[in-house]
Amino acid sequence: MQGTLTSEEYRRYFKFNEEDVKRFFEQVIEWQKDNSNPGKLIIVGKAPAIMKVLGISEHFIEVEQSTLDKMVRPEPVYPTDKDGHNLTISDIYDIPLQLADPVMVFKSRTRPEDSYVFFTERKDYLNRAILIPLAIDIKKGRIVIHEITSMYGRREEIEFV
């Protein structure tokens with residue numbers, strides 16, 4: 001699709017707002033210094049235009065600090081996990097780009113009523129495609145957000161597609 005768009009159109013549809021990205025980077029730096037509040041939300045930014053094309057509302061995309069902890073942990077989080085997500089801080093910083101310009105987007109099979117899965121071009125340490133599940137229109141107190149619920153390398157990604 002990029003080949004048929006002007007560079008301005010591409011930026012409008014496949015990029016996060018630069019101020020949002022800057023604020024996200026600052027929050028990630030703060031989380032690295034102090035991750036003692038696992039329920040604290042980190043704002044990635046407002047849903048980019050490409051998400052609106054998919055019918056996703058314009059709420060903020062956010063992620064809990066505990067989810068970021070899970071993403072970078074090398075050991076399994078749950079007993080059913082075979083290994084940890086073991087992603088890098090660089091992978092975390094790349095979240096806005098990967099959500100704004102994914103390879104593919106799917107409705108979630110496990111939560112089709114309110115979640116999407118973003119298939120990214122990034123690879124994890126085992127050379128597996130990184131997926132980002134996004135829960136849509138989640139109520140957090142009095143606000144409604146889109147919440148990143150995980151980020152991980154997907155085994156058997158071809159079969160998944």
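Guide: A helix here is a DSSP run of H or I with at least four residues and a strand a run of E with at least two, both numbered from the N terminus. By that rule Asn86 falls in the loop between helix 4 (65–72) and helix 5. The model is predicted, with local features needing a pLDDT of at least 70 and side-chain atom pairs a pLDDT of 80 or more, while totals for chains, interfaces and linings use all residues. Residues are numbered from 1 along each chain as its sequence is written, and side-chain values use heavy atoms, leaving out hydrogens and water.

Visitor: What makes the phi of Asn86 worth a remark?

Guide: Asn86 has a positive phi of about 50° although this residue is not a glycine. Asn127, in the loop between strand 4 and strand 5, is likewise a residue other than glycine with a positive phi, near 65°.

Visitor: Why is Glu64 called buried?

Guide: The relative accessible area of Glu64 is 18%, which is why this residue counts as buried. Glu64 belongs to strand 2 (residues 60–64), a strand that is mostly covered, with four of its five residues buried.

Visitor: Which residues is Glu64 in contact with, leaving aside its neighbours within four places in sequence?

Guide: Taking contact as heavy atoms within 4.5 Å, Glu64 touches Pro38, Gly39, Lys40, Leu41, Lys140 and Glu147.

Visitor: How do you know that strand 2 pairs with strand 1 and with strand 6?

Guide: Two strands pair if DSSP finds at least two bridges between them. Strand 1 (residues 41–46) and strand 2 have five bridges in the antiparallel sense, with Lys46 standing opposite Phe60. Strand 2 and strand 6 (residues 143–148) have two bridges in the parallel sense, and there Ile61 stands opposite His146.

Visitor: How do you know that Glu64 and Lys140 form a salt bridge?

Guide: A salt bridge is a side-chain nitrogen of Lys or Arg within 4 Å of a carboxyl oxygen of Asp or Glu. For Glu64 and Lys140 the closest N and O atoms are 2.9 Å apart, and the pair forms a salt bridge. The pair links distant parts of the chain, from Glu64 in strand 2 to Lys140 in strand 5 (residues 129–140), 76 residues apart. Lys140 has a relative accessible area of 24% and so is partly exposed.

Visitor: What makes Lys52 and Glu58 a salt bridge, and why are Lys52 and Glu58 called partly exposed?

Guide: Their closest N and O atoms are 3.7 Å apart, and the pair forms a salt bridge. Lys52 has 38% relative accessibility and therefore counts as partly exposed, as does Glu58 because its value is 45%.

Visitor: Why does the pair of Asp94 and Arg122 tie together parts that are apart in sequence?

Guide: The side chains of Asp94 and Arg122 meet in a salt bridge of 2.9 Å, N to O. Asp94 lies in the loop between helix 5 (89–93) and helix 6 (95–100) and Arg122 in strand 4 (residues 115–123), so the pair joins parts that are 28 residues apart in sequence. Asp94 counts as buried because its relative accessibility is 13%, while Arg122, at 22%, counts as partly exposed.

Visitor: Which residues do salt bridges that share partners join into one network?

Guide: Glu64, Lys140 and Glu147 are joined in this way, in a structure that holds eight salt bridges.

Definitions and conventions. Buried means under 20% relative accessible area, exposed over 50%, partly exposed in between (1.4 Å probe, protein chains only).
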